[in-house]
Amino acid sequence: MSKVVPLFEAISEYVKDGDIIYAAGFTHLIPFAAGHEIIRQAKKNLTLARATPDLIYDQMVAAGCARKVIFSYMGNPGVGSLRIVRSAIEQGKLEWEEYSHFGMITRLQAGASGLPFLPMNQTGAADLEIANPNIKRIPDPYGGKEVIVVPALHPDVAIVHVQRADENGNAHLWGIIGEQKEAAFAAKKVILTAEEIVDESVIRSDPNRTMIPGIVVSTVCHVPYACHPSYAQGYYDRDNEFYLAWDKISESADRVKRYLDEWVYGVKDRAEYLEKLGTETHKRLKVKARYSEKINYGSY
């Protein structure tokens with residue numbers, strides 16, 4: 001039985017107010033379309049977990065979706081700070097937990113393995129142990145030096161974007177691989193978005209690329225160009241101009257509101273968003289589809 005449903009339906013059914021949400025992907029295959037759908041559906045009091053929150057969590061915090069962030073490194077990659085998340089934390093409006101990258105992935109690995117915690121070698125980030133009481137030290141039972149331990153992370157929902165999947169959720173992804181596999185296995189539910197829905201024979205033809213098996217996937221959504229302004233290797237490039245533009249947009253609450261009104265609330269779905277991006281942006285990012293409108297990020 002096919003697991004394919006529209007993204008609107010998947011978010012409506014599986015993402016509930018108060019959930020822990022993990023949007024996977026490391027610089028690559030970041031599921032912006034799902035994040036925008038969560039904003040449109042006005043989900044509230046979410047705990048947003050992610051290694052490198054990226055712009056998607058800045059936007060979701062700006063839209064009032066979050067009560068807490070769990071993260072490792074927070075910033076606009078290659079540009080600067082995530083102004084909105086940082087400001088909310090500094091003002092005491094947003095709860096937070098910070099880990100090293102390896103600490104965050106180790107939490108997911110523990111969750112995926114069914115273990116209550118996993119050990120790590122001591123790191124140079126001793127201040128994190130002061131800031132985050134979930135990071136603890138225990139004796140090595142074999143007589144070595146103390147080790148760091150972090151608790152398992154079990155997101156209520158993991159959202160993973162892939163290049164292609166079959167209708168049962170067996171998925172291929174390639175390029176820069178992040179924590180998608182660990183997040184999918186650690187989560188209670190998995191929403192998979194895909195550039196393409198392909199026949200099962202395509203997936204079976206290259207099993208080494210099947211990072212996410214259908215047995216852990218709750219639902220599959222066909223959402224081409226779901227990553228913009230992130231990228232999907234083999235489909236379209238990273239929109240570096242937008243990452244620069246967001247740094248300026250996020251300086252002003254009014255500009256952020258105008259952006260959300262136009263580019264999130266003002267479009268019905270990712271297909272309409274893609275059309276709105278326009279021909280010149282498609283050409284620059286090597287998007288195959290062609291439309292007539294032209295975008296000017298500097299208008300905010």
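## Surface and overall build

Accessible areas here come from the Shrake-Rupley method with a 1.4 Å probe. On that basis, the chain in this predicted model has an accessible surface of about 13,300 Å², and carbon and sulfur atoms hold 51% of that surface. Buried residues make up 52% of the 300 residues in the chain.

If you are getting your bearings in the viewer, expect 12 helices and 12 strands. The radius of gyration is 19 Å, close to the 19 Å given by the globule rule for 300 residues, so the chain is as compact as a globular protein of that length. Along the principal axes, the C-alpha atoms fill a box of roughly 65 × 50 × 30 Å. Among contacts with a separation of 6 or more, 71% are between residues 24 or more positions apart.

The average pLDDT of the chain is 93, and 95% of the residues score at least 70. Please take care with residues 289-295, where the pLDDT is below 50. This stretch still has 23 contacts in the model beyond near neighbours in sequence. Where pLDDT is low, the predicted coordinates should not be read in detail.

Strand 6 and strand 7 (residues 147-151) run antiparallel and are joined by three bridges. To find this pairing on screen, look for Ile138, which stands opposite Val147 in strand 7.

## Parallel pairing around strand 10

Strands of a sheet pair through backbone hydrogen bonds, either parallel or antiparallel. Strand 10 (residues 189-197) runs parallel to strand 8 (residues 157-165), with eight bridges joining the two. Within this pairing, Ala165 has Ile197 in strand 10 as its bridge partner.

Strand 10 also pairs in the parallel sense with strand 12 (residues 219-222), over four bridges. Here Leu192 stands opposite Val220 in strand 12.

## Helix 3, an enclosed helix

Eight of the nine residues of helix 3 (residues 54-62) are buried, so this helix is largely enclosed by the rest of the structure. The buried residues are Asp54, Leu55, Ile56, Tyr57, Asp58, Gln59, Met60 and Val61. Just after helix 3 comes Gly64, with a positive phi of about 85°.

## A closer look at Lys181

Lys181 is found in helix 7 (residues 180-186). Its relative accessibility is 42%, so Lys181 counts as partly exposed, a class that falls between the cut-offs of under 20% for buried and over 50% for exposed.

Setting aside neighbours within four places in sequence, Lys181 is in contact with Met211 and Ile212. For a sense of distance, Lys181 and Val4 are 177 residues apart in sequence, and their C-alpha atoms are 20 Å apart in space.

Definitions and conventions. Residues numbered from 1 in each chain as written. Predicted model: local features only at pLDDT ≥ 70, side-chain atom pairs only at ≥ 80, totals over all residues. Heavy atoms only, no water. Pairing = 2+ DSSP bridges. Rg over C-alpha atoms; globule rule 2.2 N^0.38 Å. Buried < 20%, exposed > 50% of the residue type's maximum accessible area, 1.4 Å probe, protein only. Contact = heavy atoms within 4.5 Å. pLDDT = per-residue confidence, 0-100.
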